[in-house]
Amino acid sequence: MLNNVNAIGPEQPDQATGEEKVAPAALDKAYVAKATKAAVEFESFFISHMLHQMRESTRAIAPDDSPTKDKVNQDMTDMVDNMLAGNMAQQRAFGVADAILRQILPAPLNKAG
C-alpha cells in the first residue's frame with residue numbers, strides 16, 4: 001500500500017498539476033545570493049588551502065639558502081596565493097561552488113552565473 005505513494009521532491013513535477021515543486025526558501029533571491037556567495041567563498045578557501053599546501057611542500061624540499069625559505073617572501077607569496085584563490089573562485093575555475101549550488105538549490109536556480 002505504501003509502495004504506491006510517490007514522494008514529490010523539489011525537482012519532480014507535481015502529478016496533479018504537472019508543475020515543478022520548488023522549495024520556498026530557494027525562491028527568495030536573497031537566499032540564492034547568500035548561497036552563491038558562501039559557495040564561492042568556500043571555493044576560494046579550498047583553492048587557497050591547496051596553494052598553501054603546495055607552497056609548504058616546495059619550501060620543505062628547498063635548500064636552506066633558497067628564496068622560498070625567506071620569511072618576507074613567504075608572506076608575500078601567501079598574500080598573492082590568497083588573491084589568486086579569490087580571483088579563481090570568482091571565475092568558478094574548479095567548479096566547487098557550482099557543485100555545492102547544485103546540491104542546495106533547486107534545478108532551475110542552480111545555473112552557473
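Helices (H or I, at least four residues) and strands (E, at least two) are DSSP runs, numbered from the N terminus. This is a predicted model, in which local features need pLDDT of at least 70 and side-chain atom pairs count only at pLDDT 80 or more, whereas totals for chains, interfaces and linings use all residues. Residues are numbered from 1 along each chain as its sequence is written, and side-chain values use heavy atoms, with hydrogens and water left out.

View 1. Read along the sequence, the pattern is α-α-α-α, with four helices and zero strands in the protein. Of the 113 residues, 23% are buried, where buried means under 20% relative accessible area, exposed means over 50%, and partly exposed lies in between (1.4 Å probe, protein chains only). The protein exposes about 8,200 Å², of which carbon and sulfur atoms supply 59%; accessible areas come from the Shrake-Rupley method with a 1.4 Å probe, and for residues only the protein chains shown count as cover. Among contacts (heavy atoms within 4.5 Å) between residues at least 6 apart in sequence, 57% join residues at least 24 apart.

**View 2. The largest nonpolar core.** The core consists of eight residues, namely V32, A35, A39, V40, A89, A97, L101 and L105; a nonpolar core is a set of buried Ala, Val, Leu, Ile, Met, Phe, Trp, Tyr and Cys residues joined through side-chain atoms within 4.5 Å. Helix 2 and helix 4 are the elements that give two or more residues to this core, and helix 2 gives the most, with four residues. In soluble globular proteins, nonpolar side chains tend to be buried together. Within helix 4 (residues 96–104), the buried residues are V96, A97, D98 and L101, and what covers them includes helix 2.

View 3. Leaving aside neighbours within four places in sequence, V40 is in contact with A89, Q90, R92 and A97. R92 lies in the loop between helix 3 and helix 4 and counts as buried because its relative accessibility is 12%. The phi of R92 is near 55 degrees, a positive value in a residue other than glycine. Most residues other than glycine have a negative phi.

**View 4. The largest pocket.** About 150 Å³ of space lies in the largest pocket, the volume being the space filled by probe spheres set on grid points that are joined across faces, edges and corners. On a 1 Å grid over the protein atoms alone, a pocket is an open set of points where a 1.4 Å probe fits, with protein on both sides within 12 Å along at least five of seven lines, and lining residues have an atom within 4 Å of a point. The lining is formed by L51, M54, R55, T58, R59, P67, T68, N73, Q74, T77 and D81. Helix 2 (29–61) and helix 3 (71–90) are the elements that give two or more residues to this lining, and helix 2 gives the most, with five residues.

**View 5. Q74 and T68.** Q74, in helix 3, is buried because its relative accessible area is 18%. T68 lies in the loop between helix 2 and helix 3 and is partly exposed, with a relative accessible area of 30%. Not counting residues up to four places away in sequence, T68 touches R59, A62 and Q74, while Q74 is in contact with R59, T68 and K69. The C-alpha atoms of T68 and R55, which are 13 residues apart along the chain, are separated by 8.5 Å.
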